[in-house]
Amino acid sequence: MDQNTNPQKLIDDLQHWITANREDQVWTQHESLYLEILAQWKAVNRYHPEKGTVDDQRLYQLYWTAMDQWHQSFAQQSEEIFEAFPIQATDKVGFYDGVLQELQTVILDRLPQVQQAKIVRMTSFLNILRVSVNDMTKLSLDNLNVVDMSLLLDYWKFLGDALKKF
């Protein structure tokens, strides 16, 4: 993980944006990309890498590096979120749904493979991450606009890139 990456700072920054823009008063977790990511970050941040295995520590670092990349993308586009156009329904069920399904499948298939033939503790980072990533697939695409979708694709791309390094 980059020495400048501070998971709590990322969480605090996203929480501040959510509160300032009343995202949490308008949407529920599975309706808002930002609430979904915040919930994931909070769950993942409960893990204590100093108590984990070398593999868990490495995956933890790769995850937070990827989420820092996502946060940078978010910071660049956050001013445009509420001005962006909605995505047409045909594009959602056509192009975007297909791309998202493919990215999600690749990443979810990769997570279980990482832990094959090992005894995995419930407190392992891999288990925590797998549960959190599965929750991300429950995000409703109905209310996402073009910027939201771009940031969602960035999320899956950055996470996929991190898992390739693992």
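Guide: Welcome! This is a predicted model. The accessible surface of the protein comes to about 9100 Å², and carbon and sulfur atoms account for 51% of that surface.

Visitor: Why is H4 called roughly antiparallel to H7?

Guide: Helix H4 covers residues 54-77 and helix H7 covers residues 146-165. They pack at an angle of about 155°, with their axes 9 Å apart. Angles over 145 degrees count as roughly antiparallel, so H4 is roughly antiparallel to H7. The crossing of H4 and H7 is right-handed.

Visitor: Which residues make the contact?

Guide: From H4 they include Leu-59, Leu-62, Tyr-63, Trp-70 and Phe-74. From H7, Leu-151, Tyr-155, Phe-158 and Leu-163 are among them.

Visitor: How do you know what classes of residue the contact of H4 with H7 has?

Guide: Leu, Tyr, Phe and Trp count as nonpolar, whereas Asp, Lys and Arg count as charged. By class, the contact has 14 nonpolar, four polar and three charged residues. Arg-58 of H4 and Asp-154 of H7 both take part in the contact, and Arg and Asp belong to the charged class.

Visitor: What percentage of the residues is buried?

Guide: A residue counts as buried under 20% relative accessible area, and buried residues make up 43% of the 166 residues in the protein.

Note on methods. Residues are numbered from 1 along each chain as its sequence is written. This is a predicted model: local features need pLDDT of at least 70, side-chain atom pairs count only at pLDDT 80 or more; totals for chains, interfaces and linings use all residues. Side-chain values use heavy atoms; hydrogens and water are left out. Axes are lines fitted to C-alpha atoms, for helices over the stretch in contact, and angles run from 0 to 180 degrees between N-to-C directions. Helices (H or I, at least four residues) and strands (E, at least two) are DSSP runs, numbered from the N terminus. Angles under 35 degrees count as roughly parallel, over 145 as roughly antiparallel, 65 to 115 as roughly perpendicular and the rest as oblique. A crossing is left-handed if the near helix is turned anticlockwise from the far one by less than a right angle, and right-handed if clockwise. Contact means heavy atoms within 4.5 Å. Buried means under 20% relative accessible area, exposed over 50%, partly exposed in between (1.4 Å probe, protein chains only). Accessible areas come from the Shrake-Rupley method with a 1.4 Å probe; for residues, only the protein chains shown count as cover.
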